[in-house]
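This report describes selected features of one model. It turns to a set of paired strands and then to the helices of another chain.

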Amino acid sequence: MKKYIFIINVIVALIASNLVAQSDYEIVQNFKNRYQQFEQQIKNAVTLEELNSLTGEIERFKNEFSTYKDLLDKSLYPDNFEKSFDKLGNSLVLRRTDFTQIETLQTEVITLRSEVDELNKKNAELLNQIQLLEVQRKKDAETIARLEKLVNELRTSLKKRDELVYAIIDSLSPKLSGDVSALTQKEKEQIIAETEKKNVLYIVKKSLRDNTRFLEVTTLKPEDLKDVKEQQSNFVSMWQKVGPKLVDVYASRKDKAQELKDIDALFTSWKTGIQREAWESIREDFALNNINLQSFYNGNEFTEIITAFINDEIKSYGVKSKEESQRVYSVFVDSVWYKTISNEWMPYLLENNMLTTQQKEIIEKKIAEWKEVISPKDLTLIYVGAGVLIVLIVAFFLLRKKNGTKGVQNTN
Amino acid sequence: MRIFVALILTVIVSTACSSLKLSPAEFSWPIESVQKIDKDGFVKEDRYSFSFNTKALFMEEMQDSMAYQGKDLRMIRNQDGYYFITSKGFRNVYIFQPAEASLELKEKVLINENGLSNPFFNQRNPYIELVDGDFKAYLTSEGIYGGAK
């Protein structure tokens, strides 16, 4: 019986293969290629509709190849026919979850956008108020306190707004996560549409401009600048996730490509603004003590201007009154240099490579030289010595005189 | 007498060992494997983890051991464990059996004096189907089964 079944099987196989002479290898390769295409299409799908249409196509693909199920079961090692389709099904489900998340994110983004708009308005008002107060900063303690309060409020508000902006930028990330150069024109158009809808380029530019303006209208301390630097580096790393990819997506749109270049320029201007702010705040610290220095924007200029100022003071010693020279020295060195610059700014300047140790030493040497002129060490010692000697002589004569008087009284 | 018994026992045991056979065994590949020959003349089959050098095969077929360059080799194994190998431009199908660190030629089957134009193998147990355009033949380890069609 088994022999007959075997012969029948052979005959059926021979007849079947006589009908269509097709390579099994080609069938399997064809299946694998189509399968890979589906995997890629699932990965590249940009809308839920596209994904849904793939579901139908995959079903048709399965039906088409079900004739070869036995062959594919044996050939798709380590998978088999059903397992392969289970995998495709799982990929579809996973990708669908991405889209659900994207939809949720889009809803969140709309809320975020309105919050950003509100914060932008508030920040603009704060910036104007601060600018007005900065003009009359030196007027009274109340104004200064109000100004500080406003600056703090603005700093918090800017930070909050930037966090919202990060969230909006982040919502673009899933679509830009893969290789952008592999995207079709249609996919690129969809990303552009979404970017436009969220007004991403505008809000990023607005944020960068406000952050730069914040530096322009405020006088900050090193610890504040450290915060701003951190905020800037967070913003940069967030933008780097999508910025360069958006440049590729917008390659065909010249106006937008220019806008992306503007954003790069604004980042640079913010970065330079932070350095500039440090130098301006230092100059402001001197100005508050009525020492008006020329502007300086780097370590070399700072060293040159400070040493030139001291040189002038040394030269004019003796020309103007000594009291005036000593007053200037005392204000410059004690009230500004040691109290603010050396204590507060110097670690920041050195840490951020804005000033070298050699430049710091040059200035300190110059200050020591100035001190020598204002109150020379050896003369001071001589004065002190002479003073002590005079006191001793006077005391000696007084004692002697006293003893002499007592002797006369006793004789009497 | 003792020596004689010991000898008989040794013969019985060694005979029993050498006749140990695990059967049935099935070696067939579901589909042929099409492999590119590398620059040194080797083909490597990843799924079945084996490789061999093809220079001698090309020497035999084309009288040029370097003719493998840029060529693909098509191979399939039948249920008995014989390897059927051919390539585009070959006149023959080569049937090999595994040997110690080598493949040993079992049969060389002439198919087309002018060379095969686009050959492929299919597994059609117990045969290996060879198709080249309109030509079709069923092969066993002995050669063509029932003549070509």
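How many bridges join strand 9 of chain B to strand 10 of chain B, and in which sense do they run? Strand 9 (residues 127-132) of chain B and strand 10 (residues 135-140) of chain B run antiparallel, joined by five bridges. This is a predicted model, in which local features need pLDDT of at least 70 and side-chain atom pairs count only at pLDDT 80 or more, while totals for chains, interfaces and linings use all residues. Residues are numbered from 1 along each chain as its sequence is written, and chains are lettered from A and ligands numbered from 1 in the order in which they are written.

Strands (E, at least two residues) and helices (H or I, at least four) are DSSP runs, numbered from the N terminus; two strands pair if DSSP finds at least two bridges between them.

| Strands | Bridges | Opposite residues |
|---|---|---|
| 9 and 10 of chain B | five bridges | Glu129(B) and Tyr138(B) |
| 10 and 11 of chain B | three bridges | Tyr138(B) and Tyr145(B) |

Strands 9 and 10 of chain B form a hairpin with two residues between them, and Gly133(B) in the turn has a positive phi of about 65°. Strand 10 of chain B also forms a hairpin with strand 11 (residues 143-145) of chain B, paired in the antiparallel sense.

Chain A has 14 helices and zero strands. Its average pLDDT (the predictor's confidence in each residue, from 0 to 100) is 79. Where pLDDT is low, the predicted coordinates should not be read in detail.
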